[in-house]
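Hello,

Here is the structure I promised to pass on. Please have a look at it first; my notes follow below.

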Amino acid sequence: MAYSVPTLLLSSMEQNNKPQEEDRLGALTDDILLSILGSVDLATAARTSALSTRWRSLPWLLPDLNLHVRDFLPAPCPDYPVAAGQQIYFYSQIPAQHIDEAMASLTRAARSFLRIKGSSRVSRMSLEIYLIGNYSHDIGPLVRDAIDNGMIKELDLTIADDKDYDCKGGDMLRKARDVDGFFSAYPNILPCLTRLQLYNLRFAEGDIHNVLFDCCKQLQHLSLEHCDVGDCSVWQVDSPNSVLRVLEVRYSYLKRLEVLCLPKLELLSWEAWMHCEPPLHFGYVPSLKELFLVCGADLEHKGFSLSQLLDGATEIHTLTLNFQGEKLWILPESKQLRAAFSNLRKLSIHGIYVEFDLLWTINLLEAAPSVEIFDIEVFEHPCLVLYWERVGIQRVKPSWKVAGFTSCNKWKLRELHVTNFSPLMEQHMLFVREVMDRAPNLKTVILKEDDEPCKDCEAMDALPNLVGGLFPRTKNEQETIAQQLRDNMVGSSSLKIIFKSIVSAVVF
């Protein structure tokens, strides 16, 4: 029987009276044992000090110190659904008493590790905290001193929040003042930050730019969830000296984010914007290679020009558009996108409602002959039907006309992926066949079942009643479908058709 490293470690902790378990781990070098400890949370790593005399000092020799408040919670907290616009998101509802207990435990652990380590090998710290009670006044000085004495050179900081997206403007302003007060009290933290994650904050525009870009000289990864500078506001980022590489925005009331200058930015992700016009404007972003746009639009959303949004960002090689099963929020375009798509290598169109046609997506492929991987994902969630009916959500099918494909011989497409594929949906079969017919360099078609089945759909026993039907699982079914797709195709014998279910992958 094979054991994962953390499983073997935990087994030894539970059965430390058995010499053979100690012998198995005792034969390993300190570097390997430290690697094992680095794969578990700090609370578990600290408990290993009781295994033996040798283990007693090992947790204090870890080169990376990970102190996450959720690892100290006295009990796991189940997710609960929260409606945000057209979409439902899931949160862990954590009782205030549990948060207080977790912060007290984290503070004791921080005091133990940061005061004892002294001149140890630690150089990077990952810290997740809540700014509640007086805990920030305990944690702050410990982190400040560890930075001053050279123990910590890189800090990954998450300031968590127990509120969901219902957090209102007044609360967001207060939370922003708390965060600003924490950074003002311990100013050496900002220059040490390499990653920062913030929730439910409303900054003044000058403050957010000063804190995140002028003071954070090492900041490479910034995540902002339900943060803004005011409803319907425009946030301009102009920071030629910034080393920021990753920017993630989720559920923001910003009207627009204008990235005027971020020369090192490589990846930008925005999930859920609230306005109908393009949420982004690009200036100087020469390193931007990956862009992820995720949003469920309502019927009032008139859509915007994707080519207009991408103007100024012509080096993108990976583009993901996710409609979350709702109305398309981009206007029909094809040739207009050629400049923006000139370097595109992977194009992903996700969250296409199950009853929508798929042929419209070929307009985007036509504009991107350099694309090598075309990834389509169909959206079907019976578990959300009652919510959609209650709030009156309706959908408008795409009105895109399929253009004449005059340049298919230039397509570099090698792989076509279709997730949640169903042979019972005629438009799925027609779409796959259309791409197979027209892509001369196509080598592989991967027809996939969803990698992460929806637990809520499974719980209500909705999967057998999917509009698209179940994914074909038997080899006979798959072989028949592969043959139907290949019928009358010239040169299809070298093309691989792969059926990838949760449990297996079969090649035809």
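The protein exposes about 23400 Å². Carbon and sulfur atoms supply 49% of that area. Please keep in mind that this is a predicted model.

Now the interior. The protein has 508 residues, and 52% of them are buried. Its secondary structure comes to 14 helices and 20 strands. Take the contacts between residues with a separation of 6 or more: 72% of them join residues 24 or more positions apart.

Next, the nonpolar cores. The largest one has 135 residues. Phe 183, Phe 341 and Phe 431 have the most contacts inside it. Helix H5, residues 96-117, gives the most to this core, with 9 residues.

Leaving aside residues up to four places away in sequence, what does Phe 431 touch? Its contacts include Leu 358, Leu 359, Thr 361 and Ile 362.

How many cavities of 30 Å³ or more does a search of the whole structure find? The search finds 1. The largest cavity holds about 40 Å³ of space. Its lining is made up of Ile 208, Leu 224, Cys 227, Asp 228, Val 229, Trp 235, Val 249 and Leu 254. Of these lining residues, 7 are nonpolar, none is polar and 1 is charged.

Best wishes

Key:
Residues numbered from 1 in each chain as written. Predicted model: local features only at pLDDT ≥ 70, side-chain atom pairs only at ≥ 80, totals over all residues. Heavy atoms only, no water. Helix = DSSP H or I, 4+ residues; strand = E, 2+ residues; numbered from the N terminus. Buried < 20%, exposed > 50% of the residue type's maximum accessible area, 1.4 Å probe, protein only. Contact = heavy atoms within 4.5 Å. Areas by Shrake-Rupley, 256 points an atom, 1.4 Å probe, with all protein chains shown as cover. Core = buried A, V, L, I, M, F, W, Y, C linked by side-chain atoms within 4.5 Å. 1 Å grid on protein atoms, 1.4 Å probe; cavity = no way out; pocket = protein on both sides within 12 Å on 5 of 7 lines; lining within 4 Å. Points joined across faces, edges and corners; volume = space filled by probe spheres on them. Nonpolar A, V, L, I, M, F, W, Y, C, P; charged D, E, K, R; others polar.
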